[in-house]
Structure formats: structure tokens, C-alpha cells
Amino acid sequence: MSCKHSNISIFVPHIGCPNNCSFCNQKHITGFSKAPTTEMVENAVEIAKRSKHFNPKTTEIAFFGGSFTAINRNYMLDLLKTASKFVDEGIVSGIRISTRPDAIDDEILSLLKRYNVTAIELGAQTLNDKVLEMNNRNHSAADIFNASSLIKQYGFELGLQIMTGLYGDNDSSTIESAKKIIEIGPQTVRIYPTIVLKDTYLAALYADKIYSPQKLEEAVELASQLYQMFTENGIKVIRLGLHSIDENAFVAGPWHPAFSELCLSKIMLNKALAMIKKKGNYLIFVNKSDVSKMIGQKRENINYLKSLGFDCVVKVKNELSDLNIEIKENN
């Protein structure tokens with residue numbers, strides 16, 4: 001059984017971003033507005049070490065939030081030096097950062113390599129140039145391809161982030177972006193639905209009825225489709241939906257605290273629907289970890305199947321891998 005990867009997350013607010021993307025307000029997404037100090041990094045590691053589940057071999061220090069490689073160079077180096085010593089001492093396995101595609105070049109990558117950075121995530125969001133422009137990203141799809149290629153050449157683990165429901169985007173365009181991400185071939189992907197937050201350009205567009213966010217059901221359907229596209233091509237999806245948001249900052253959009261569970265439950269339902277051909281009673285076998293996903297929140301999946309004439313009972317079969325099902329008639 002493989003050990004679960006974990007991050008010691010350090011949130012670096014908006015200080016590294018050169019512009020305001022339409023959807024972005026890092027304070028409301030992370031709850032952090034102050035720049036972290038080196039002491040905060042050290043304290044975060046000490047707290048993590050006290051966890052009974054702490055495993056140095058599967059734990060990384062992760063600088064998330066703002067564009068890490070675009071922050072003040074001396075400040076970035078201070079954070080890296082502090083984090084790097086924990087890698088050298090074998091307390092963590094590496095360092096993960098997130099940044100913008102246009103904040104990557106040979107000089108930066110050489111520097112990150114020197115300080116034990118192991119994984120770089122790029123906020124791609126979309127690979128449609130028109131949508132990038134409409135959302136004030138101030139970089140092109142070519143920048144995403146070029147940065148991704150460089151990161152892979154230097155031997156870093158590459159992660160890409162994609163968003164659904166962006167201003168000016170649609171489902172078919174998002175699927176095209178996903179196909180291009182598959183072409184790039186990152187090791188990991190995060191899928192985020194677009195949420196309208198206070199104090200953003202998107203909030204103004206929404207107030208003026210220029211932008212309409214996805215409904216929750218639409219976001220779940222599309223994210224589920226993207227999840228299957230990526231996993232079927234050997235790309236690990238490490239996040240579905242935002243970790244958290246400041247509830248007072250929420251304006252509109254498909255926010256749900258269990259967004260990931262909803263998506264995985266949708267995938268299980270679609271698999272069952274594809275396998276059951278006639279009305280009747282059935283046993284659906286799943287891995288123990290997938291029982292709640294197959295049943296659905298408030299038994300939504302089972303009730304929906306029943307409404308179609310499929311009376312189903314979920315049973316455990318641990319030989320099945322994640323999100324896989326077997327079905328047989330229950331006579």
C-alpha cells in the first residue's frame with residue numbers, strides 16, 4: 001500500500017503577481033493577507049513533525065498562493081534557504097511551489113534546483129488565448145507550453161492548474177484546453193471551478209450581468225469529465241475544487257465544501273448507468289473507500305438509479321481499484 005503524499009502548506013499572498021486576474025483575490029481564497037516569514041516556515045515544519053501521521057519521505061514544503069518566482073528575489077531566497085535546510089536534513093522530501101507561466105526561465109529554474117525544489121505547479125487556468133486575455137492573465141497559451149517544456153527539461157515534477165467556467169469560456173473550449181494539457185503531459189493537475197469573490201473584476205462583471213457563473217451541477221459534470229480525461233491519460237488529479245474560501249467574500253458560483261466528493265460520485269453514477277442495460281435488481285460492488293461515492297450524498301445516486309427502474313444495493317469488494325465498479329443481477 002502506497003503512503004499518502006502530504007504538504008506543509010505556506011501561503012504566499014498576492015505579492016508575487018504582477019496583475020489582477022479577473023477571478024483572483026488570494027486573501028479571500030487562503031484567508032492569509034500577510035507575507036510569511038522564515039520563522040513561520042520553521043514553525044509550520046515543527047508543527048507538522050508532531051503529527052502522528054508525519055512521514056518525511058512523503059512530505060513536501062509547499063509555497064502556494066501568489067506567484068512564488070515573481071516575488072522579491074531576496075525574500076524568495078530567504079524562504080527557499082529556510083525550507084531547503086529541512087530537505088538537506090531529511091525532514092521533508094522536497095519543496096513544491098506554484099507560480100505563473102511567464103515567471104519561469106532558465107535562470108529561475110537553475111536557482112530552484114539549487115534549493116531543493118522538486119515540483120512546480122503552473123496556474124495555466126486555460127489554454128485559450130482569447131479567454132486568457134478576457135480574464136486579465138497577461139500571458140499567452142504559448143507561455144504555458146514553453147514554461148512547461150522548460151520545467152520538464154530541468155527534471156522537476158510538473159503540475160498544471162485548470163479552471164472551469166471562466167469569463168468568456170465554455171465547456172467545449174475547456175475540454176480543448178484539457179486536451180492540450182494532456183499533450184503537455186504534466187504529472188499532476190488541479191481542477192478548480194470559477195467562484196465569484198468580492199473585490200474582483202469578475203464580481204463587477206457579475207453585478208453588471210455580463211458574467212454568469214456555472215451552476216453547481218454544470219461544474220460537477222464538466223469537472224468529472226476532465227477528471228476522467230486526465231486520469232485515463234496517466235495524469236494524477238490532486239485537487240478538485242478550492243480548499244476553502246472566506247465565506248463572507250463569496251458572491252456567486254459553484255462553491256461546495258465537498259465538491260471533490262460530488263465529482264467522484266458523479267463518475268461512479270455514470271459508470272453504473274453505462275453498465276446497467278435493463279430494469280431490475282442489482283448488486284454494485286466497489287472498493288470500501290468508494291461506498292459513499294457510489295451511494296451519493298443523501299443517497300442521491302441510489303435514488304436516481306431507482307427512479308429509472310434499477311433497484312441497486314452497494315457491496316464492498318476490496319479487490320477493485322479506486323472508482324471501479326462491478327455489477328451483477330441480484331436475483
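**Exercise 1. Which order do the seven strands of the parallel open sheet take, and which strands stand at its edges?**

Step 1. The open sheet runs β1-β2-β3-β4-β5-β6-β8, with parallel pairing. Two strands pair if DSSP finds at least two bridges between them. Strands are DSSP runs of E with at least two residues, and helices are runs of H or I with at least four, numbered from the N terminus.

Step 2. β1 (6-12) and β8 (236-240) are the edge strands, each pairing on one side only.

Step 3. On average, neighbouring strands here are turned by 20° against each other, direction ignored.

This is a predicted model: local features need pLDDT of at least 70, side-chain atom pairs count only at pLDDT 80 or more, and totals for chains, interfaces and linings use all residues. Residues are numbered from 1 along each chain as its sequence is written, and side-chain values use heavy atoms, with hydrogens and water left out.

**Exercise 2. Find the bridge partner of Gln-161 in β6, then the helix α9 that packs on the sheet.**

Step 1. β5 (residues 157-164) and β6 (residues 188-193) pair in the parallel sense over six bridges.

Step 2. Gln-161 has Arg-190 in β6 as its bridge partner.

Step 3. Helix α9 (residues 216-232) touches β5, β6 and β8. Its direction makes about 170° with that of β6. Axes are lines fitted to C-alpha atoms, for helices over the stretch in contact, and angles run from 0 to 180 degrees between N-to-C directions.

**Exercise 3. Describe how α6 meets α7.**

Step 1. The axes of α6 (residues 141-153) and α7 (residues 171-184) come within 11 Å and cross at roughly 25°.

Step 2. That makes α6 roughly parallel to α7; the term covers angles under 35 degrees.

Step 3. Ile-144, Phe-145, Ser-148 and Lys-152 in α6 meet Lys-180, Glu-183 and Ile-184 in α7. Contact means heavy atoms within 4.5 Å.

Step 4. Sort these residues: three are nonpolar, one is polar and three are charged.

Step 5. Now look at the sheet side. α6 lies across β4 (117-125) and β5, at about 170° to β4.

**Exercise 4. Is His-139 buried or exposed?**

Step 1. Locate His-139 in the loop between α5 (129-134) and α6.

Step 2. His-139 has a relative accessible area of 8%, so it is buried. Buried means under 20% and exposed over 50%, with partly exposed in between (1.4 Å probe, protein chains only).

Step 3. List its contacts, leaving aside neighbours within four places in sequence. Among them are Arg-100, Asp-102, Leu-132 and Ile-144.

Methods:
Parallel < 35°, antiparallel > 145°, perpendicular 65-115°, else oblique. Nonpolar A, V, L, I, M, F, W, Y, C, P; charged D, E, K, R; others polar.
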